[in-house]
Amino acid sequence: MAEKLLKKGNEAIALAAIRYGVDGYFGYPITPQSEVMETLMEEMPWETTGMVVLQAESETSSINMLYGGACCGKKVMTSSSSPGISLMCEGISYMAGSELPCLVVNVTRGGPGLGTIQPSQGDYFQAVKGGGHGDYKTIVLAPASVQEMYDFVGTGFDLAFKYRMPAMILSDGAIGQMMEKVELRPQVQRLTDKEIAKKYGDWATTGKSGRKANFISSLALEARDMEQINLRLQSKYRIIEETEVLFEKHLCDDAEYLLVAFGSSARICESTVEMARSKGIRMGLLRPITLFPFPTRIIQAMLPQLKGIMSVELSAGQMVEDIRLAVNGAVPVEFFGKMGGIVFSPEEVLNAFTAKFNL
Amino acid sequence: MKEELIIAGFGGQGVLSMGKILAYSGVIQDKEVTWMPSYGPEMRGGTANVTVIISDKRISSPILNMCDTAIVLNQQSMDKFESKVKPGGILLYDPNGISRHPERKDIKVYSIDAADLANDSGISKAFNMLVLGAFLQLKPILEMENIIKGLKKSLPERYHNLMPMNEKAIRLGMANVKEVK
Amino acid sequence: MDTHDIIKPENLVYGKSKVLTDTVMHYCPGCTHGVVHKIIAEVIEEMDIQDRTIGVCPVGCAVFAYKYIDIDWQQAAHGRAPALATATKRLYPDKYVFTYQGDGDLASIGTAEIIHACNRGENIVVIFINNAIYGMTGGQMAPTTLLGMKTATTPYGRKAELNGYPLKITELVAQLEGTCYVTRQSAQNPASVRKAKKAIRKAFENTTQRKGTSFIEIVAACNSNWKMAPVKANKWMEENMFPFYPLGDLKDR
């Protein structure tokens, strides 16, 4: 059995990056995620796996370093927190438009503006609906434990390369700062330049050797051409919605009431469900793991057994809109949340639930 | 077994590292653990606190409303966390610098003169280990052997020469915890 | 000698570089971009590095540079080319990586990226085309627009109190420890084209020696937006641009 370490979520991200054979990390310090780059710099992976780690001059620059690295067919990633991600949205849109794979980690904090460094889930819309300009999506994974912070680095890259699009880990300050047990996975070898040229030579800028030149851009001045690019992107997103939904159900089999929560909120709600059950309320928890693609059909399939749903978020209510779209009025959908970095306790969630459903 | 613990005091008292040593010892004893710190501006000179949960089973919420044990090392933390101990739970504190002592009657209150004892024994740096010892005397949830391993895992290698001092401090804490009636 | 004799292979005195494609350039007649593209292609051909060169093109008139020079290209967001080139060179240390940027791209929106790439001493080549005006968007003021110069956004001429001063970014990057070669060239006549080509070749050679960043400014004409005939534009450039942006090496180590 592999050794189990006690690590912060942010440290787990860094260790996973090295172990998953990531080629490059480019980042800029911002609380509460600075431990990612700090851990990488301490580990010095350039001496072991050959991974490049660089502190950029800004988040704008970090994401454009990812753009360059992704053009090369390399596995590149960055991490930041809410205000930094806002700066990166331009670059993420370019990479979506140019169909480039990369991994962006958002360890969110409370906003808007400079906000607070305490945990928040107020970046759900930005992550799920596309924070930059144009019709695009990123695959969004929401870890609820330190082990998932570690494991989703690999999952994120696999999906990003499978569909050639940016993937995001949407975490928050609580998961980033929390320490839990983490089991390291076996070392994955980085691809050699030759392997990359062979595997991704049909699109990546690996040097025009024995083939026609490759050019990567998101520009198509002719509207007809741009329409075709958009149609291709949208058909890719539909396939992802069909095939890549990840979720976890907790005590849902006989549930009459459903809490829906992701990330740290889902952890808190697990305790709420246990408290509710001890009071005889048949409550379950659905935890979306992919926020895009959203588990719309999973919710729809549960509707016949449900009397009500409550979305629980560290925000003013964002994911609740996607739940309401899925439910389409079939059962009441309520919301409970806190903003600005305040985290609710399991009891507060239960009290809000019993008040909203008159139980 | 499930122990939900809050440790709170000034930044620099070793609150977070005490929690980390407990959590790491839990990992070594194959328990489920979470360590959730307060972070941010509070860390810089103000109060720091950490929530540690050690359990035989999967841990759901790492954030607590009420805890089994509160370890309190300054007045601000006393004001904030005395009320957060579950009825029947434990409040352990160092009376040094405390002006308002705990008032609740539905919990068990213990004290450890950690700051004074550490100073008198010339191991003031191991202050937090005395407190840890006191806690382990009251709640022997982890084996001493694993605590020592957890301590070693938590300390950077350059401090491994301080292991005997830390172990001595833990034992000193265990021997000197007193019930307050 | 009639036309048939002239086109006989043995009478060939000049040929287009094989690294240039056959695509007809979209640049206006009289524009400097085409000449600079040509000399970059010639350098790549002469050094035999077509299969190892990755270019990063800007937002601006040269956004279509990929159509003309037959190598792998990345098209950056406005101003960000040095960030793309940084990652590309670090991930492929054995390749030749260059950015091709205009004055708005490099010296306005991308100021942070160029300063920091140069300051880190990234082993890349930067080709900076300074024609003191925004071309693609239709002749607005650039950071390098001269005082008194009329543009779409300085219709009465650039005034320091209103618009600030023209930015000598090349002098700025020459101060940075990370740059090894900083030079200002032009390309309006055969002699200057030869010198510019020599500078570009030297810059490409520098990158393999891990000496730091090589930065080449080409003072250029934008006759369309300057609203002048090509010959007059070149003359205006010599008389007005060169005194403020003097040609020559600023740094060579």
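Modeller: Happy to! Keep in mind that this is a predicted model. Let us begin with the contact itself: 21 residues of chain A touch 17 residues of chain B. On the chain A side, the elements that each supply at least two residues are β1, α7, β8, α10 (263-278) and α13 (346-356). Among these, α10(A) gives the most, with five residues. Sorted by class, this side of chain A holds nine nonpolar, five polar and seven charged residues.

Now look at how strands cross from one chain to the other. Strand β8 of chain A (residues 179-183) is joined by two bridges to strand β2 of chain B (residues 32-37), and the two run antiparallel. As background, strands of a sheet pair through backbone hydrogen bonds, either parallel or antiparallel.

Step back, and this pairing turns out to be part of an open sheet of nine strands, in the order β1(A)-β8(A)-β2(B)-β3(B)-β1(B)-β4(B)-β5(B)-β6(B)-β7(B). The pairing in this sheet is mixed. At its edges stand β1 (4-8) of chain A and β7 (178-180) of chain B; each has a single partner strand, so one side of each is left without a neighbour in the sheet. On average, neighbouring strands of the sheet are turned by 25° against each other, direction ignored.

Helices lie against this sheet too. Helix α1 of chain B (residues 15-28) lies across strands from both chains: β1 and β8 of chain A, together with β1 (2-10), β2 and β3 (47-55) of chain B. Its direction is at about 10° to that of β3(B). Helix α4 of chain B (residues 127-138) also packs on the sheet, where it touches β4 (67-72), β5 (85-93) and β6 (108-111) of chain B. The direction of α4(B) makes about 145° with that of β5(B).

What about chain A by itself? Its domain assignment gives domain 1 (4-193) and domain 2 (249-356). The centres of these two domains of chain A, taken over C-alpha atoms, are 27 Å apart. Between them, 25 residues of domain 1 are in contact with 21 residues of domain 2. On the domain 1 side, α5 (124-129), β6 (139-141), β7 (166-172) and α7 (173-177) of chain A each supply at least two residues.

Finally, let us bring in chain C. Of the two pairs of chains in contact, chains A and C share the most contacts, with 32 residues from chain A and 28 residues from chain C taking part. Here α3(A) gives the most to the chain A side, with seven residues. Strands meet across this contact as well: two bridges join β9(A) to strand β2 of chain C (residues 72-75), and these strands run parallel. In that pairing, Ile216(A) has Gln74(C) as its bridge partner. Chains B and C, on the other hand, are joined by no contact, and their closest C-alpha atoms lie 29 Å apart.

Terms used
Residues are numbered from 1 along each chain as its sequence is written. Chains are lettered from A and ligands numbered from 1 in the order in which they are written. This is a predicted model: local features need pLDDT of at least 70, side-chain atom pairs count only at pLDDT 80 or more; totals for chains, interfaces and linings use all residues. Two residues are in contact if their C-beta atoms, placed from the backbone, lie within 7 Å. Helices (H or I, at least four residues) and strands (E, at least two) are DSSP runs, numbered from the N terminus. Two strands pair if DSSP finds at least two bridges between them. Axes are lines fitted to C-alpha atoms, for helices over the stretch in contact, and angles run from 0 to 180 degrees between N-to-C directions. Domain bounds come from an automatic or database domain assignment. Ala, Val, Leu, Ile, Met, Phe, Trp, Tyr, Cys and Pro count as nonpolar, Asp, Glu, Lys and Arg as charged, and the others, Gly among them, as polar.
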